[in-house]
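Biologist: Before we discuss any assignment, could we go through the terms one at a time, setting each value beside its cut-off?

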Amino acid sequence: MDLSAYSVRTDLALEAHDLASSGEQLIPGVHRSVDNQDGIRISTIDITSNEGAQAIGKLPGHYITIEAPELRQKNTDLQDRVAMVIAKEFEAFLKKLNISPNAKVLVIGLGNWNVTPDALGPIVVENIMVTRHYFELMPDQVSPGYRPVSAVAPGVLGITGIETGDIVQGIVEKSKPDLVIAVDALASLSLERVNTTIQIADTGIHPGSGIGNKRKGLTLQTLGVPVIAIGVPTVVFASTIVNNAFDMMHNHFRRQTDNTGTILGLLDKMQENERLELVREVLNPLGHDLLVTPKEIDQFIEDIANIIASGLNAALHEAIDADNVAAYTH
């Protein structure tokens, strides 16, 4: 029986690492560090070997995860500080990839603008400071401290009838950027991380990966230029919530009594594959898995998209420094 459709799914390298290591065991070829900055948690994961990549289920590369749970409280000061952190971390990615201050950058906003949890990329594109046309039409009037930046939201296969990867590849071949930034919605293991966590990675991205619908990848191999992926979890699979609920109930009752079997019955003895089969049986009448997102998603998605755009604007244009990034956040 194929239970892969109901297995635990996450697009976050941080969560994949925790699953593979159980929070304690070291994984060969994987290095992790954590930095806490007054309500902002920055986790760095470097996957340096194929062994480590297979253990975690992520491509070798450099992953930065920025967590700020209080973002849901409309804390404008925290939003400004998160934008500054994004700018700083993204500048480090640019230096690591040897992207010069004059290099041309293309920002791709992946996702469906008609579906709120999937509209992150298009909203980020709306707030990106695009300058490529000025360099093309009036280069002598461009102030120092800016670089050629273009941005596009190519839509999804269901809207255009064309693979997103093919659209992006055509744009890259025509505009010839030195770097591609792809922004997309992701899936998480935890509702607490939805719209409060940002992942930056130098491994590229597969459009639709957040809902398990992987299309043609946007990577260095497919586009011929470096690709930095920025993702925010906006949904959680119902099957993931059900699996987590089993563990949460077991841990809760175990703190109360040693006789958890009396309370949970067969659930207490079930192995993970058996739990997955049970989830499959429960969800099978629906014909599909469900995606869960907070009821406040409309405001959350606007806020997090503005934060990402502000951080990118500060990182891509030297004229916008970290001190005045707040002017581009609200």
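Biologist: What makes I40, I66, A68, L71, I198 and I307 residues that V82 touches?

Modeller: V82 has contacts, meaning heavy atoms within 4.5 Å, with I40, I66, A68, L71, I198 and I307, where residues up to four places away in sequence are not counted. This is a predicted model, in which local features need pLDDT of at least 70 and side-chain atom pairs count only at pLDDT 80 or more, while totals for chains, interfaces and linings use all residues. Residues are numbered from 1 along each chain as its sequence is written, and side-chain values use heavy atoms, with hydrogens and water left out.

Biologist: Which residues have the most contacts inside the largest nonpolar core?

Modeller: They are V82, F90, I181 and I198, in a core of 45 residues; such a core is a set of buried Ala, Val, Leu, Ile, Met, Phe, Trp, Tyr and Cys residues joined through side-chain atoms within 4.5 Å. Helix 12 gives the most to this core, with 10 residues, helices being DSSP runs of H or I with at least four residues and strands runs of E with at least two, numbered from the N terminus. A second, separate core has 13 residues, including I108 and V225.

Biologist: Why is M138 called partly exposed?

Modeller: Buried means under 20% relative accessible area and exposed over 50%, with partly exposed in between (1.4 Å probe, protein chains only); M138 is at 33% relative accessibility, and therefore counts as partly exposed. M138 lies in the loop between helix 5 and strand 5.
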